[in-house]
Amino acid sequence: MQKIEGLMPAVVQDYYSGRVLMLAYVNQESYEYMLKNGETCFWSRSRNELWHKGETSGNTQAIKHMAYDCDDDTLLIQVEQRGEGACHTGAYSCFGDEAGEFNVINSIYAQIVDRKANPKEKSYTNYLLDEGIDKICKKIGEEAAETIIAAKNNDKLSLTGEISDLAYHLLVLMLSQGIAPGDIRAELLERHNTQGNLKIKNEKGVF
């Protein structure tokens, strides 16, 4: 076990999405706590004491992986964020909404969630949710067929659009069935073997 002298900055990252959640500081005592208990624990510079993240709020962080940087002076902690979020303000990340490819699926899903909670007139998402599972599944079938046709036609531009349409309708289906993007990421990671190859199940088994 590496010894930590004084305080070391720790970057906390969502293990599934890659989002940066927060920056905190660890010392030897908090580091040993994390190794023993599997949840993040930091050293509070303002209170001058150990700070078990989420102990009072319930927004705990289960540690999935930890690593030092190349100079051994910064700790990366990849976690499964539990509860509402990592920030004391109630936000998921202390850095607010991040842009980039990792966040676009979450952003679209969040908008679908918002449409369900706050229906908007002439919203296509609300139309699908109101019509229910049969309509949603029908649209997924149509989009899947159009995706296949675009692929068979070797039409990259059309195929990109059809895959995007299919992805959106799948997100609507996921919400209607209580499945979040994190559930899919977790399942895909679970199927990863130690060589980094995805184990995809089909009617012929795993390959």
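This is a predicted model: local features need pLDDT of at least 70, side-chain atom pairs count only at pLDDT 80 or more; totals for chains, interfaces and linings use all residues.
User: Happy to dig in! Is Ser-44 buried or exposed, and what is its relative accessible area?

Analyst: Ser-44 sits in strand S3, which covers residues 41–44. Buried means under 20% relative accessible area. Ser-44 therefore counts as buried, with a relative accessible area of 5%.

User: Which residues does Ser-44 touch, leaving out those up to four places away in sequence?

Analyst: Ser-44 is a residue of strand S3, and it is buried. Once residues up to four places away in sequence are set aside, the residues it touches are Glu-49 and Trp-51.

User: What is the overall pattern of helices and strands along the sequence?

Analyst: The protein contains six helices and eight strands. Reading along the sequence, they follow the pattern β-β-α-β-β-β-β-α-α-α-α-α-β-β.

User: What share of the residues is buried, and what share of the contacts with a separation of 6 or more is between residues 24 or more positions apart?

Analyst: The protein has 207 residues, and buried ones make up 31% of them. Among contacts with a separation of 6 or more, residues 24 or more positions apart account for 47%.

User: Where is Gly-18, and between which strands?

Analyst: Gly-18 is partly exposed, at a relative accessible area of 29%. Along the chain, Gly-18 and Gln-78 are 60 residues apart, and their C-alpha atoms are separated by 8.4 Å. The place of Gly-18 is the loop between strand S1 (8–14) and strand S2 (20–26).

User: Let's turn to charges. How many salt bridges does the structure hold?

Analyst: Side chains of opposite charge can pair when their charged atoms come close. One of the salt bridges here links Asp-114 and Arg-115. In total, the structure holds six.

User: For the Asp-114 and Arg-115 salt bridge, what is the N to O distance?

Analyst: Asp-114 is partly exposed, with a relative accessible area of 36%. Arg-115, at 17%, is buried. Their side chains meet in a salt bridge with an N to O distance of 3.9 Å.

User: Why are Lys-139 and Glu-142 separated by about one helical turn, and how far apart are their closest N and O atoms?

Analyst: Both residues belong to helix H4 (residues 133–152), and because they are three residues apart there, about one helical turn separates them. Lys-139 is buried at 19% relative accessible area, whereas Glu-142 is partly exposed at 30%. The closest N and O atoms of their salt bridge are 3.1 Å apart.

User: Which residues do salt bridges with shared partners join into one network?

Analyst: This takes us to another part of the chain. The salt bridges in question share partners, and the residues joined into one network are Glu-39, Glu-80 and Arg-82.

User: How are H4 and H5 oriented, roughly parallel or roughly antiparallel?

Analyst: The axes of H4 and helix H5 (residues 156–176) come within 9 Å and cross at roughly 160 degrees. Angles over 145 degrees count as roughly antiparallel. H4 is therefore, relative to H5, roughly antiparallel.

User: Is the crossing of H4 and H5 left-handed or right-handed, and how many nonpolar, polar and charged residues does the contact have?

Analyst: H4 passes H5 in a left-handed crossing. The residues of H4 that meet H5 include Ile-136, Ile-140 and Lys-139, and those of H5 include Leu-166, Leu-170 and His-169. By class, the contact has 13 nonpolar, four polar and five charged residues.

User: What angle do helix H3 and H5 make, and how far apart are their axes?

Analyst: Helix H3 spans residues 124–131, and its packing angle with H5 is about 45 degrees. That makes H3 oblique to H5, and their crossing is right-handed. The angle is about 45 degrees, and the axes are 11 Å apart.

User: Which residues of H3 meet H5?

Analyst: On the H5 side, the contact involves Tyr-168, His-169, Val-172 and Leu-175. The residues of this contact divide into six nonpolar, two polar and no charged. The H3 residues are Tyr-124, Thr-125, Leu-128 and Leu-129.

Notes: Residues are numbered from 1 along each chain as its sequence is written. Side-chain values use heavy atoms; hydrogens and water are left out. A salt bridge is a side-chain nitrogen of Lys or Arg within 4 Å of a carboxyl oxygen of Asp or Glu. Buried means under 20% relative accessible area, exposed over 50%, partly exposed in between (1.4 Å probe, protein chains only). Helices (H or I, at least four residues) and strands (E, at least two) are DSSP runs, numbered from the N terminus. Axes are lines fitted to C-alpha atoms, for helices over the stretch in contact, and angles run from 0 to 180 degrees between N-to-C directions. Angles under 35 degrees count as roughly parallel, over 145 as roughly antiparallel, 65 to 115 as roughly perpendicular and the rest as oblique. A crossing is left-handed if the near helix is turned anticlockwise from the far one by less than a right angle, and right-handed if clockwise. Contact means heavy atoms within 4.5 Å. Ala, Val, Leu, Ile, Met, Phe, Trp, Tyr, Cys and Pro count as nonpolar, Asp, Glu, Lys and Arg as charged, and the others, Gly among them, as polar.
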